[in-house]
Amino acid sequence: MKPNLHIHPEVAAALRDGEPVVALESTIISHGMPYPQNVATAREVENIVREHGAVPATIAIIKGICTVGLSSEELEYFGQAKEVHKVSLRDMPYVISQGLYGATTVAATMRIAAMAGISTFVTGGIGGVHRGAEKNMDISADLTEMQQTNVAVISAGVKSILDIGLTLEYLETLGVPVVTVGQEAFPSFYSQDSGHKSPLQLNTPQEIAAMLKVKWDMGLNGSVLIANPVPADQEIPAAAMEEHIVLALDAASRAGVRGKDITPYLLSYIAKHTNGESLDANIALIKNNAAIGAKIALAYAALMD
């Protein structure tokens with residue numbers, strides 16, 4: 001057992017027995033959605049993972065301990081508490097050494113999942129290259145973590161508030177395969193089509209699991225980004241969403257919001273100005289990702305028998 005790591009007994013038993021486990025992040029609970037939708041969604045996502053034959057493992061830091069698999073009471077705490085830190089890789093040593101509570105981002109969740117031996121991770125959308133990065137160098141640690149950590153990431157693509165084209169270019173530079181499920185167009189979180197063609201396309205969980213096994217068996221370290229489009233009946237067309245994003249970015253600039261505070265600010269602004277439509281899409285896509293993520297974990301576990 002690694003220091004500062006606690007694995008829920010159910011998750012530990014599943015890992016020991018070679019059963020499929022799906023990691024889930026906690027930032028979406030503490031910083032991505034308002035209460036009570038955040039906790040309700042977290043519970044529903046865990047249930048969807050179970051219904052598809054895998055064990056959910058929501059990851060967070062509790063009193064300085066990297067915790068893999070949260071209780072119902074702990075989910076409730078992260079949904080309501082105001083003093084929870086948003087934790088990426090750079091923040092982990094501080095939050096752990098100080099014995100604090102932390103909600104983990106994609107990068108931190110990946111690292112803790114790898115520590116626990118979990119190879120499949122479901123989230124909403126990944127971070128990436130921010131708009132204007134050529135001036136401010138704002139590039140998410142999610143991308144560099146994906147270069148080195150052997151955890152597959154299932155998301156609805158790159159958050160549409162980012163520069164999707166530059167993010168795809170940077171992932172190519174890092175050697176991270178990008179695969180879209182069932183379509184040629186790369187999705188953009190709220191929308192099925194970002195306007196960019198996906199670098200790769202696979203259509204079934206079995207095909208994706210086979211690709212993961214080949215990659216890691218060859219010693220090609222790092223993640224695979226598996227982009228799963230939001231359901232068609234829940235998407236917001238990219239052109240309509242872009243209008244809200246431009247306004248949100250302008251509001252953030254005028255308010256002086258920067259760094260790790262920018263994404264929660266933008267998502268909250270957009271949810272408010274779309275009368276909750278973006279929040280509905282966000283909830284729909286994370287549930288959709290949970291279903292395909294569990295199927296991929298199941299298929300990968302079968303290959304490892």
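About 220 Å³ of space lies in the second largest pocket. A pocket here is an open set of points on a 1 Å grid over the protein atoms alone, with protein on both sides within 12 Å along at least five of seven lines; lining residues have an atom within 4 Å of a point. Grid points are joined across faces, edges and corners, and a volume is the space filled by probe spheres set on the points. To find this pocket, select Glu 19, Gly 117, Ser 119, Tyr 300 and Ala 301, which are the closest to its centre among the 13 residues that line it. Helix 13 (residues 277–304) gives the most to this lining, with four residues. Helices (H or I, at least four residues) and strands (E, at least two) are DSSP runs, numbered from the N terminus. Colour the lining of the second largest pocket by class and you get eight nonpolar, four polar and one charged. In this scheme Ala, Val, Leu, Ile, Met, Phe, Trp, Tyr, Cys and Pro count as nonpolar, Asp, Glu, Lys and Arg as charged, and the others, Gly among them, as polar.

A note on the model before going on: it is predicted, local features need pLDDT of at least 70, side-chain atom pairs count only at pLDDT 80 or more, and totals for chains, interfaces and linings use all residues. Residues are numbered from 1 along each chain as its sequence is written, and side-chain values use heavy atoms, with hydrogens and water left out.

Next, go to the largest pocket, with a volume of about 940 Å³. Select His 130, Gly 259, Lys 260, Ile 262 and Thr 263, which lie nearest its centre out of 41 lining residues. Helix 2 (27–30), strand 5 (85–87), helix 8 (141–148), helix 11 (238–255) and helix 12 (262–273) are the elements that give two or more residues to this lining. Which of them gives the most to the lining of the largest pocket? Helix 12 does, with five residues. The lining of the largest pocket divides into 15 nonpolar, 16 polar and ten charged residues.

Now select helix 3 (residues 37–51). Its 15 residues reach 21 Å from first C-alpha to last, close to the 21 Å expected at 1.5 Å a residue; the expected span is 1.5 Å times one less than the number of residues. Show side chains for Asn 38, Val 39, Thr 41, Ala 42, Val 45, Glu 46, Ile 48 and Val 49, which are buried (under 20% relative accessible area; exposed is over 50%, partly exposed in between, with a 1.4 Å probe and protein chains only). An α-helix has 3.6 residues a turn, so residues three or four places apart point the same way. The cover over the buried residues of helix 3 includes strand 2 (21–24), helix 2, strand 3 (55–62), helix 4 (72–80) and helix 13. After helix 3 comes Gly 53, with a positive phi near 95°.

From there, select Thr 58 in strand 3. Thr 58 is buried, at 2% relative accessible area. Its side chain makes a polar contact of 2.6 Å with the side chain of Glu 46. A polar contact is a pair of N or O atoms within 3.5 Å; within protein, one must be able to donate a hydrogen and the other to accept it, and residues adjacent in sequence count only if both atoms are side-chain atoms.

Thr 58 also lines the largest cavity, along with residues including Leu 24, Met 33, Val 122 and Ile 286. A cavity is a set of points where a 1.4 Å probe fits but cannot get out. The volume of the largest cavity is about 110 Å³, and helix 3 supplies the largest share of its lining, four residues.

For the last stop, select Gln 183, in the loop between strand 9 and strand 10. Is Gln 183 buried or exposed? At 18% relative accessibility, Gln 183 counts as buried. The side chain of Gln 183 reaches the backbone oxygen of Ala 185 at 2.7 Å, and a polar atom of that side chain lies 2.8 Å from the backbone oxygen of Gln 192.

Conventions:
Contact = heavy atoms within 4.5 Å.
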